[in-house]
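Colleague: Before we discuss the labels in this model, could you take me through the reasoning behind them, starting with the aromatic residues?

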Amino acid sequence: MIQQAIKAARRVRGGTDFDVGARLKALRRERGWSQRELAKRAGVTNGMISLIEQNRVSPSISSLHRILEALPITMADFFTSGLAAGRQRFYRLDEMPNVGSTQVLLYLVAANQPGRQMTILHERYLPGGDTGETMLAHPGEEGGVVVKGEIELTVAGECRLLRAGEAYYFSSDLPHRFRNVGDETCEIVSANTPPTF
């Protein structure tokens with residue numbers, strides 16, 4: 001089951017693998033930046049950019065978020081560029097691209113919806129899944145409900161272990177981190193607005 005989830009995490013659209021490294025390299029080159037310039041703007045090492053572009057490492061959610069903010073591009077736009085715009089109302093799992101990683105699967109609802117005013121995610125944190133040691137922070141508000149398992153959520157220095165049926169809501173410009181410290185996959189349904197993530 002976990003291996004299937006990891007394999008599914010790399011599938012983004014139409015059953016094909018999404019090449020994070022190639023996409024990052026293309027965006028960097030569009031701007032005429034060297035790896036060193038992007039690293040400087042993002043506050044990460046040149047080596048990290050190089051390893052990501054070669055697909056030798058899978059960056060944490062927080063590391064990728066920092067790099068994409070420097071470009072600037074949202075996580076959703078990074079992973080969904082090229083999807084045909086549509087006005088569909090219902091989505092199967094295979095129609096929701098994973099805008100996360102192999103350990104933190106963030107399935108985006110309505111990725112192809114033009115003018116989307118919010119982000120809705122079906123999140124799956126595999127055991128040990130973590131958004132990263134560097135805290136996330138982005139404009140807006142976010143909230144969610146844990147529907148399975150448990151998640152450790154830290155917001156502005158306050159840490160809480162949330163279990164199935166419990167929820168959260170906070171200003172997402174506060175530093176925050178999600179971490180699955182349990183032995184089973186945690187599932188969350190969340191939303192944030194505006195769609196900055």
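Modeller: Y125, Y168, F170 and F178 form one aromatic cluster. This is a predicted model, in which local features need pLDDT of at least 70 and side-chain atom pairs count only at pLDDT 80 or more, while totals for chains, interfaces and linings use all residues. Residues are numbered from 1 along each chain as its sequence is written, and side-chain values use heavy atoms, with hydrogens and water left out.

Colleague: Why is the pair of Y168 and F170 called tilted?

Modeller: Rings of Phe, Tyr and Trp (its six-membered ring) pair if their centres lie within 6.5 Å, and planes under 30 degrees apart count as stacked, over 60 as edge-to-face and the rest as tilted. The centres of Y168 and F170 are 5.9 Å apart with 35 degrees between the planes, so the pair is tilted.

Colleague: What makes the pair of Y168 and F178 edge-to-face?

Modeller: With 5.5 Å centre to centre and 65 degrees between the planes, Y168 and F178 pair as edge-to-face, because the angle is over 60. Y168 lies in strand β8 (residues 167–171) and F178 in strand β9 (residues 176–179), 10 residues apart; strands are DSSP runs of E, at least two residues, numbered from the N terminus.

Colleague: Are Y168 and F178 buried or exposed?

Modeller: Both Y168 and F178 are buried, that is, under 20% relative accessible area with a 1.4 Å probe, protein chains only, where exposed means over 50% and partly exposed lies in between. F170 is buried as well.

Colleague: How many aromatic pairs does the count come to by this rule?

Modeller: The count comes to three aromatic pairs.

Key
Helices (H or I, at least four residues) and strands (E, at least two) are DSSP runs, numbered from the N terminus.
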